[in-house]
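User: I am new to protein structures. Can you show me how to read one, feature by feature?

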Amino acid sequence: MKIGLEMHFQLPTRSKLFCSCPTSSAEPNHNVCPVCLGYPGSRPSLNRKALEAGLGIARFLDCKIEEKVWFNRKTYFYPDLPKNFQITQYESPLGTNGHFDLNGRRIGIWRVHLEEDPGRIRRVGRSGEEIAFVDYNRSGIPLVEIVTAPDLTSPEEAREFIDQLVTELRSLCGLEAQDEQSFRVDANISLGEERVEVKNVQGLRNLERALKFEASRQSKLLAAGKKVVRETRRFDEERKVTSSAREKETEEDYGYIGEPDLGEFRIGEMARNLDLKETPLVRARRLVSSFGIGEATAKQLVLTSVTLTDLFEELCRHVPPEKAVSWTTGPISSNWAVLQDPGKWPEIVQIVKDDSDGRINDNEAKRRILSLAGVQQEAAVEGGDDMTKLISDFVDSHPEVLADYRKNPKAANMVIGHVMKESKGRYSSKEVVEEVRKEMDKRV
Amino acid sequence: MSAIYDLIRYAQLKHRAFTEIVEDLDDTKFHFSAKDNLCADGFQARAGSAVLDGYRPPFDATPIRKMKDSGGQLVGKTTMDEFGFGTFSTNSAHGVPLNPFDLERSCGGSSGGAGAAACLIPGHIALGVSTGGSISGPASFCGVVGLTPTYGRVSRYGLIDYGNSLDKVGLLSRSSSLVAKHFRTISGPDPKDPTSCAQPVLADRGKMPRSLAVPKEALQNLDPAVRSSFQDALSRFKELGTEVHEVSMPSLRFALPAYYILATSEASTNLARYCGMRFGRREEELNQHFNDFFTGVRSESFGDEAKRRILLGTFCRMVGFRSRYYLKSLAVRQLLIEEYQKVFRDHDAVVTPTMPFIAPRFEEIGRMKTLEMYGADVLTVPPNLTGMPHISVPCAYVKGLPVGMQLVADHWKELDLLEAASAWEKAFIYRFPEVSP
Amino acid sequence: MDRETIARVAKVARLNLTEEEMERYAKDLDDILNSFSVLDEAPAGDTYSFNPIPVVDVLREDEPGQDLDPQVLRDQMGTYEGFVRGPRLS
């Protein structure tokens, strides 16, 4: 099975692609102006943020970025299209020939480009005779179109691909959750030789349903020895089936020309200078390869919190990764509400480092972390005095140890062993050794 | 001031220069008019077309706003060919303007009304628009000064589009000083029109051209009276101390086809929005398939020339023809720009007659075939295609009718042209028709 | 320019033409395009731009703002419950 997707995502800018109308939610036809209504005499001007976001996506997907791009007019007639042409990028997409890493497999990305959203139609009236009620708030909202190669192999994989892509893009450029309104896709699916296009599916759930239905439909046809017809179909959301798109009375000839009102954009330099955030899944892969931690652990970290992962990486500079993992996913994350304060991090790092180096034991380290997090605990035992008392008591009652110690330092081991046993692991061995030696040297 | 108002009314009633005029003049302001494809709050903007009947723009075009901000009163909208499609203003749905010198002759087009207003009303400044010569032509036929600035010098925000890479807002008036003054007013970058944001800052003054180039290819197929008038004008120019040289510009023969293909390609997309929804002529019967809805309004409301250009432009963009026509024309524009700039390395301006004949009679126009009419633009199209600034000034009178001379300078050098026009009008006195309103 | 082609062009452009108009416009376009064939003699040229002067990197900052009250536009367009009514979709 081969599936290719042509996805449209709304970019999270504050103003529209070609005018400064707001993109926020509003009553019908409130976010409108002569430009996005296509009034005679109006003309577009390009939103810088939208261009940067589009370029960021093209770079993230490892596309070849063109040095110079422009926009085209795609002319066709429909009630939601104010100018009866859409301004899009036909000849010069922002990027081409990229890829997305899906669980170790590369999904080819053919192109990434910008275009404007048309208005929204509400169908009103008797079925089959509906007229259009148009809301132009959506007209002119920036869309990024991402076209994949037919490298996806199942509806489930397509779903997972989009989930992961959205996770990454959300971090990269603030793409919002793609609900039915903001995500639209045309899918190409073929089981055999012929490709079927399912056009204009709204939302992820519908896409998965449409693909599953279509896969099943094609599979049944082939099993019965019939051929799959190469055609364009639509997905009926209510009946959850795809059906042949009615023969269009007029086949459109889009008659692409350049859009002279916008001019050209030298994006090569702009793209090279973009400071791209490291996206979660990319970061997870880096954590696995740099620190050898497990994939599941890495994903858990990055999808929980960016700053928690930052702390994890900081800890890895001082202690072995396994230690960093257990402390980060353990008491630190349990108390993250308080510990996320970067002011506390130097102390956290010191505590974990001390634990790792053996200067304190795990219990003491945990106690200190909890204390830092402001958690009430049993009163801590004053380690120092207690140990000194243990040592003195033993040496006093075993004077021969002191005599032996004068001849051979190894005699201290008896004392060390006793103190370790009696203190029940309250102290780290290093602490005990140091203290015993100190006490015995004092008496010698 | 009431004398001026009388002249405005006279121009409207007798010569159909205006589609609409104000009721009163404001004495404290200077008066100007705007071609009816420029949007202005308080007036209709119908661009000579029935499809825009009833369109009242809720905003001012930037050039109009600038004129108002500098103390001007917009006194009327001037008649034009539908969307700019024409050379004689005969394709107007709102009245055909009549030549100030002879009521049976054309004012030229497509800014015919602007030419008439500028001629009939002293001290008047008329904003016009040129795509292929629609300021020069009327300036020539109506005997006034007409400046077409460099493409991108004046904001097109609020201009109802014909061709986005060809349209320019310009000025017509009896005197070059008035043109020069208001050229400054309307120039300058406007963020609402990105193509106006590439211009260099306007200098304080221009330089009088010292050397003029006459392309020999431009002297073919001229009316003999125009040819000899033009030669006389060149002699007069030499007396001003200017050199005149003949040059060859072989690519000029490609200009007309490339222009018409690019202009109509762009126009056919610009006119797609006129479909009975939201503005202009509306289609009330919603209970029809959208294709029928759109097709009905368009077929009933567009004039004959508009349909012809829409069909031509649509064809030139279609799959299978796009390379040969649309893309080729883009390349030819580049070729012509380079050829002009080669001439400008050695000369300051290119000079030709503006039109191949004097203002034709309406009955002559009625007998012209389409190609003949397009051919009338042969001298104005080249600088329009290349976006270079050009100015038309009266240089002779034949049978009592004005003959125009057109100077073309390199991009951004409008001020040099205005220097030349200023020097010229001291040497050659313009005549205006006797008017008794 | 045969009848089929002119009919197709008219359909793409959403224009209804009578038989007489189709013949007339087809002939017009034929004449015009024939005379334009001189373009074939022009050198090919490898670069082109869509404007006669360079218009490069003109961008607008992402600041929302409306200098025209949308109510004015709604009134002009004519709305029903806030929507602009349009034709049938099928």
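Analyst: We will go through shape, contacts, a helix and some backbone angles. Keep in mind that this is a predicted model.

User: Let's begin with chain B. How many helices and strands are there in chain B?

Analyst: Chain B holds 14 helices and 13 strands. Its radius of gyration is 20 Å, close to the 22 Å that the globule rule gives for 437 residues, so chain B is as compact as a globular protein of that length. Its C-alpha trace spans about 70 × 60 × 45 Å along the principal axes.

User: What share of the residues of chain B count as buried?

Analyst: Of its 437 residues, 64% do. Look at the contacts as well. Among those in chain B with a separation of 6 or more, 76% link residues 24 or more positions apart.

User: Now chain C. In what order do its elements run?

Analyst: Chain C has three helices and two strands. From the N terminus on, the order is α-α-β-α-β. The radius of gyration of chain C is 23 Å, well over the 12 Å that the globule rule gives for 90 residues, so chain C is more spread out than a compact globule. Its C-alpha trace spans about 50 × 40 × 20 Å along the principal axes. Of the 90 residues, 36% count as buried.

User: How many residues of chain B are in contact with chain C?

Analyst: On this interface, 52 residues of chain B are in contact with 42 residues of chain C. Several helices of chain B each supply at least two residues of the side that touches chain C: H7 (255-270), H8 (290-301), H9 (304-317), H10 (323-346) and H12 (370-375). The largest share, nine residues, comes from H10(B). By class, this side of chain B has 27 nonpolar, 18 polar and seven charged residues.

User: And where chain A touches chain B, how many residues are in contact?

Analyst: There, 27 residues of chain A are in contact with 36 residues of chain B. The side of chain A that touches chain B divides into 13 nonpolar, eight polar and six charged residues.

User: Into which domains is chain A divided?

Analyst: Chain A has domain 1 (2-178 + 246-272), domain 2 (280-372) and domain 3 (383-443). Take domains 2 and 3 of chain A. Their C-alpha centres lie 34 Å apart. Four residues of domain 2 are in contact with six residues of domain 3. The side of domain 2 that touches domain 3 has one nonpolar, two polar and one charged residue.

User: How do I read a single helix?

Analyst: Start with the general idea. An α-helix has 3.6 residues a turn, so residues three or four places apart point the same way. Now check the length of helix H2 (residues 19-35) of chain C. At 1.5 Å a residue, its 17 residues should span 24 Å; the end C-alpha atoms are 25 Å apart, which agrees.

User: Which residues in H2(C) are buried?

Analyst: They are C:Tyr25, C:Ala26, C:Asp28, C:Leu29, C:Ile32 and C:Leu33. These residues cover an arc of only 165 degrees around the axis, which puts them on the same side of H2(C). On the other side, C:Glu19, C:Glu20 and C:Asn34 are exposed.

User: What covers the buried residues of H2(C)?

Analyst: The cover includes H9 and H12 of chain B, together with helix H1 (3-12) of chain C.

User: What should I look for in the backbone angles?

Analyst: Look for exceptions. Most residues other than glycine have a negative phi, and most peptide bonds are trans. B:Lys399 has a positive phi, near 55 degrees, and is not a glycine. C:Arg14 is not a glycine either, and has a positive phi of about 55 degrees.

User: Which residues does a cis peptide bond join?

Analyst: It joins B:Gly109 and B:Ser110, with omega about 10 degrees. B:Ser110 sits in the loop between strand E5 (102-106) and helix H3 (112-120) of chain B.

Technical notes
Residues are numbered from 1 along each chain as its sequence is written. Chains are lettered from A and ligands numbered from 1 in the order in which they are written. This is a predicted model: local features need pLDDT of at least 70, side-chain atom pairs count only at pLDDT 80 or more; totals for chains, interfaces and linings use all residues. Two residues are in contact if their C-beta atoms, placed from the backbone, lie within 7 Å. Helices (H or I, at least four residues) and strands (E, at least two) are DSSP runs, numbered from the N terminus. Ala, Val, Leu, Ile, Met, Phe, Trp, Tyr, Cys and Pro count as nonpolar, Asp, Glu, Lys and Arg as charged, and the others, Gly among them, as polar. Domain bounds come from an automatic or database domain assignment. The expected span of a helix is 1.5 Å times one less than its number of residues. A residue is buried if 20 or more other C-beta atoms lie within 10 Å of its own, exposed if 12 or fewer, and partly exposed in between; C-beta atoms are placed from the backbone. The arc is that of the directions from the helix axis to the C-beta atoms. The radius of gyration is taken over C-alpha atoms; the globule rule is 2.2 Å times the number of residues to the power 0.38.
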